[in-house]
Amino acid sequence: MKIIVMGIGKAGNTIVENILEKEKYNNVDFIYADTNKKLLEKFDKNSTLFLNSEISDLKVSINDPLISKYAVTNSIDNIKEKLINSKILILTSGFGGLTGTYALPLIAKIAKDMGIITVAIISTPFSYEGTSKEKNAQEGLKELKEVVDTLIVVSNNKLINNYPDIAALDAIKLTNNYSKNCIKTFLNFIFDKSIINISTNDLISLLKNKGESYIGFGNGLGKNKIIRAVNKTFESKIIDKTITNSTHIALNIIGDPTVTMKEINEIIELFKSNLKQDNLKIFFSFDVNKEFVNEIQLSVIATFEKENKNDSTFEQKSNIKIIDKKNESIQNSQEILINIGNTLENELSGYLTGELELNNFNIDIDDKDQEDFIISIDESEEDDDIPFFLK
């Protein structure tokens with residue numbers, strides 16, 4: 001199964017670069033995409049995707065979102081060549097600027113039309129970066145939600161609210177680390193070699209057409225390790241979405257060699273009793289880390305049922321005018337972008353054209369009513385406030 005992780009723009013490329021500093025994945029193509037050819041020169045040429053933003057005979061401001069959109073439409077053949085035969089595409093970028101914000105949704109649309117499951121992990125700007133970047137980010141997210149299967153939004157403002165005294169450089173590192181660990185979590189689920197693992201069909205059912213989703217991490221030590229770990233996975237301090245009302249859960253459990261099946265069931269039961277969804281599906285994987293001592297580590301991806309829309313067309317909206325120097329006439333960019341959209345061919349891949357047979361893992365646990373778990377624990381057992389997965 002071919003998987004692609006693509007970083008778009010400076011922030012996205014940095015995240016991909018950080019992953020490859022310490023990790024190696026077979027069957028994963030890591031791609032750096034940008035409209036700036038010079039920035040791509042430091043990477044292996046086979047791992048780069050240049051989005052050609054040269055617009056002949058058109059005068060457009062360098063701050064015009066149309067530049068990034070044209071860059072994608074000018075590079076459709078190269079994009080398709082990179083994506084061909086892949087089953088899952090994971091896109092990452094920082095929204096607020098131009099390249100990632102406006103190029104990424106179009107690339108997601110191309111992938112979706114090719115029958116590829118698309119996942120996007122996006123960070124939104126800090127409030128101090130200004131209203132312009134915030135507006136750009138919201139426009140990009142609105143477009144992206146129409147075309148991506150699963151979306152994770154990493155909120156820098158939420159980070160600052162929860163860690164107000166953190167140094168600026170550390171805040172940026174934490175955001176990048178969180179995005180990086182989100183990608184690694186998806187990859188670990190995809191290539192899961194745990195003692196108990198999640199099937200490919202179950203993973204696809206978790207991701208396909210689910211919209212904005214949640215991801216959380218937690219660890220616990222000592223006698224309260226299970227409660228502590230589960231509580232932390234429910235309380236992400238940086239993800240915009242909450243886990244409440246989720247309908248599909250992928251749960252990875254890693255424990256010390258003494259972990260029992262009773263404890264695994266207790267973890268799953270806590271998720272089930274607190275989410276209280278009649279249609280909740282829980283898929284879980286379990287493995288042992290021999291270096292752990294009386295410790296549990298959890299990661300969870302939670303997705304939500306999304307209403308299907310009959311009209312799946314991807315609209316491009318812009319009030320900016322462009323000047324055609326040849327004819328000296330002014331054309332509305334909306335009309336031009338409609339024409340560009342018409343060139344995005346529907347090229348469905350054969351491996352996703354049929355109905356998927358889902359083999360859901362049925363968990364045999366007691367359905368008795370549970371009280372909400374708000375449990376006081378000895379705070380002296382806590383480590384520092386920065387979660388392990390952000391370090």
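Modeller: Before your first point, please note that this is a predicted model: local features need pLDDT of at least 70, side-chain atom pairs count only at pLDDT 80 or more, and totals for chains, interfaces and linings use all residues. Residues are numbered from 1 along each chain as its sequence is written, and side-chain values use heavy atoms, leaving out hydrogens and water.

Biologist: Is T101 buried or exposed?

Modeller: T101 belongs to helix α5; helices (H or I, at least four residues) and strands (E, at least two) are DSSP runs, numbered from the N terminus. Buried means under 20% relative accessible area, exposed over 50%, and partly exposed in between (1.4 Å probe, protein chains only). The relative accessible area of T101 is 0%, so T101 is buried.

Biologist: Leaving aside neighbours within four places in sequence, with which residues is T101 in contact?

Modeller: Contact means heavy atoms within 4.5 Å. With those neighbours set aside, T101 is in contact with G94, F95, G96, N136, A137 and G140.

Biologist: Where on α6 do its buried residues lie?

Modeller: N136, A137, G140, L141, E143 and L144 are the buried residues of α6. They cover an arc of only 165° around the axis (taken from the directions from the helix axis to the C-beta atoms), which puts them on the same side of α6. The face turned away from that buried side carries the exposed residues T131, K135 and K142.

Biologist: Against which elements do the buried residues of α6 pack?

Modeller: An α-helix has 3.6 residues a turn, so residues three or four places apart point the same way. In α6, the buried residues pack against α3 (66-73), α5 (99-113), β6 (117-124) and β7 (150-155).

Biologist: Why is helix α10 largely enclosed by the rest of the structure?

Modeller: The buried residues of α10 pack against β9 (214-221), α11 (261-275) and β12 (295-303). Helix α10 (residues 225-234) is largely enclosed because eight of its ten residues are buried. These are K225, I226, I227, R228, A229, V230, N231 and T233.
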